[in-house]
Amino acid sequence: MPRDLVRRAARRLRRSLTRTAPATGSGSAPLPVVGYVVAGAHGAHPASAHVRVVRRTEHLAAAGTATVRQVDPAGFVDGTDDTTYAVVLVQRDILPRASVGPFLDAAHARGVRVVAEVDDDFFTASGRERLARAEYDPDRLASIDALVRGADVVVVSTTELAEVVRPIAREVVVVRNALDPTLWAPGPVVDTGPLPADEHRVLYMGTLTHAADLELLRDVFTDLVASDGRPVRLEVIGVAEDDADWYRRVEVPDGHYPAFARWLVDHRQRWRAGVAPLRDEEFNRAKSDLKALEYVALGLPAVVSDRPSYAEAAAHGVVAVPDDPSAWRAAVVAAVDRGTADPGAASWVAGERTIGTDGDGWRRVLLG
């Protein structure tokens, strides 16, 4: 897809989603104001901010439950922003370490609840070591620690992460990841050009923190052949910075998470399956099942590591595989042969893991 089309699509999505709730009628009580502090602005945010914070709060606004507003931390602290917030949600390391204390003090003085959002293990020694390899400096990790200790409540994405956070937080609530239906609902098939007749493609996407997990797939995809005799080629989005002889990197057009999600949806016929390997490490035990959700939403069969992160997904039709290259090869070939998501998995994602169908846990955390 040309870059200008992706950018225009991203702008349209931002305009449709960055809005506040409808005004209440005369004499009715004003809606509570939910503030959030995340990286980026004007709809251009990192993927984690969109998934965990922005899309959730904008759905609250669209439902007429709250007015939502991105908060400038400096204005909140010095009083330039004197909005009467019911609650302010702060995502992980967005505040510099030196700013966490003044922000919490200002919230306390104004009677504003602070909810911290954390979606990874930033706390154990092994987790910190792994994040340091992904260029998380000590100040960022110290910022998260201070925020979690001082917030009124911490919201996390998995029960395993909740157990890690609970010893240092006042209160921890689990709200599982869910997909935004405005982004992930497949529309008509887009003509993206002819697909190669001489290979099958399998998708693996993620951040650079998963580079070690990628290595689990080396013996899986080296010389892998499908039942029809065609080679199976692993394609990687993110995860690695360089190509290798056993996988190929795919460059995605510029654009933030909404445009990226729509690009994936438009190009979903490019792949026959999606994979999500996880090493058996302490850091990975707190990971969510977001990749499985996204693969299934793309209509792809998902093959994942047999880890606690994917236990629920496996119970609904996602294929979980032990750490054995032969088992992985067989599972990937079977997924490629099938080519479409398991119906039970598709029903589960649509009915339980999509914003609007996943309960009101997020609303309860923010508004009680």
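Student: Why is His 42 called exposed?

Tutor: Its relative accessible area is 73%, and exposed means over 50%, buried under 20%, and partly exposed in between (1.4 Å probe, protein chains only). So His 42 counts as exposed, at 73%. Bear in mind that this is a predicted model, where local features need pLDDT of at least 70, side-chain atom pairs count only at pLDDT 80 or more, and totals for chains, interfaces and linings use all residues. Residues are numbered from 1 along each chain as its sequence is written, and side-chain values use heavy atoms, with hydrogens and water left out.

Student: What makes the phi of His 42 worth a look?

Tutor: Most residues other than glycine have a negative phi. His 42 is not a glycine, yet its phi is positive, about 55 degrees. You will find His 42 in the loop between β1 (33-37) and α2; helices (H or I, at least four residues) and strands (E, at least two) are DSSP runs, numbered from the N terminus.

Student: Why does Arg 92 count as buried?

Tutor: Because its relative accessibility is 14%, and the limit for buried is under 20%. Arg 92 also has a positive phi, near 25 degrees, and is found in the loop between β3 (87-91) and α4 (97-110).

Student: What makes helix α11 mostly covered?

Tutor: Of the 10 residues in α11 (257-266), 9 are buried, including Tyr 257, Trp 263 and Asp 266.

Student: Which residues have the most contacts inside the largest nonpolar core, and what makes it a core?

Tutor: A nonpolar core is a set of buried Ala, Val, Leu, Ile, Met, Phe, Trp, Tyr and Cys residues joined through side-chain atoms within 4.5 Å. The largest one has 59 residues, and Leu 217 and Trp 184 are among those with the most contacts inside it. A second, separate core has 37 residues, among them Val 37 and Phe 283.

Student: How do you know what Leu 217 touches?

Tutor: Contact means heavy atoms within 4.5 Å. Leaving out residues up to four places away in sequence, Leu 217 touches Tyr 204, Leu 234, Trp 246, Val 275, Pro 277 and Trp 328.

Student: Which helix gives the most to the lining of the largest pocket?

Tutor: That is α2, with 5 residues. Others that each supply at least two residues include β7 (200-206) and α12 (290-297).
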